[in-house]
Amino acid sequence: MRFPFASSSLVVLLSMLSSSPAFAVEHDIFGITLGAPLTLPLCELSLPTPQTSQPRSKGPGSRSFDKLMAPPAQKFPKAKLPGSGLCVAPGTTDLGVANGNFGPGEYGYLVFAESEWPAWVAPLGLSILAGAGDAFSLEGVGGLVLLRKGRVIALHFNTTGFEAQSRVMELLKHKFGSPGSEETKAWGNKWGGNRDSISAQWRKPDLFVDYSSVVKTEGLSGGMGSLNIGNDLGRQVLETTNQEAKF
């Protein structure tokens, strides 16, 4: 299930990024304070709906036909949407992220209220291997939070690629000023067309922002981008040679 994107929520994350002058360094994103304990409420989990029995076909090959036509079983519970704001679903397995490994209690998944889902955020579950092995479904999860010694060190969001890059850059620049570095990359297709994506980085005292508007295009018409925000410890974990976190 994809939750509908609300245009009014374009500024939900970066309303905090835009609520103060560009020169001011703030460490609060979506109400999550970098370097502080995570205080979001835990998400409630909804159990899988029992599968009701379906009328069975008769005759040769009917068993295979019934199996083919049956809806896929929901194996794992899902996080219920909060009424407002965010809730967090704690990870239940070991997760390797770029240069770091995180165990249960050291990371969690961010779930938005339906009406507050930012239009530029792509569901985290679209990332292959994201949360593989966790004991619940990642359907509808909008971000990842990483912790060390119980304190938040970084946040990661997938973005909706080319379609979001202008708006995300506008919001990031309003919050942090001009990036320390910015470059464009041309993505071509088999018909000879191309589009430019943006890669930009900000560095502040104990604060970093890495944004790549497109890091993946396979099977996605508008591509998928990556936004990482964290403190110096988070940067040590997430920063790779090409400035892109690999989840």
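Which residues do ring pairs link into a cluster? Select Phe30, Phe112, Trp117, Trp120 and Phe157: ring pairs join them into a cluster. Rings of Phe, Tyr and Trp (its six-membered ring) pair if their centres lie within 6.5 Å; planes under 30 degrees apart count as stacked, over 60 as edge-to-face and the rest as tilted.

Before moving on, note that this is a predicted model, where local features need pLDDT of at least 70, side-chain atom pairs count only at pLDDT 80 or more, and totals for chains, interfaces and linings use all residues. Residues are numbered from 1 along each chain as its sequence is written, and side-chain values use heavy atoms, with hydrogens and water left out.

The structure holds seven aromatic pairs. Next, select Tyr109 and Phe136. Their pair is edge-to-face, with 5.7 Å centre to centre and 85° between the planes. Tyr109 lies in strand E8 (residues 107-112) and Phe136 in the loop between strand E9 (121-122) and strand E10 (143-148), so the pair ties together parts 27 residues apart in sequence. Strands (E, at least two residues) and helices (H or I, at least four) are DSSP runs, numbered from the N terminus. Tyr109 and Phe136 are both buried. Buried means under 20% relative accessible area (1.4 Å probe, protein chains only).

Now select Phe176 and Trp202. Their ring centres are 6.3 Å apart and their planes are at 50°, so this pair is tilted. Phe176 lies in helix H3 (residues 162-176) and Trp202 in strand E13 (residues 194-204), so the pair ties together parts 26 residues apart in sequence. Phe176 is buried, at 3% relative accessible area. Trp202 is buried too, at 1%.

Last stop: Arg148 and Phe102. The charged end of Arg148 sits over the ring of Phe102, 4.0 Å from its centre. "Over a ring" means that NZ of Lys or CZ of Arg is within 6 Å of the ring centre and within 35 degrees of the ring normal.

Key
Buried < 20%, exposed > 50% of the residue type's maximum accessible area, 1.4 Å probe, protein only.
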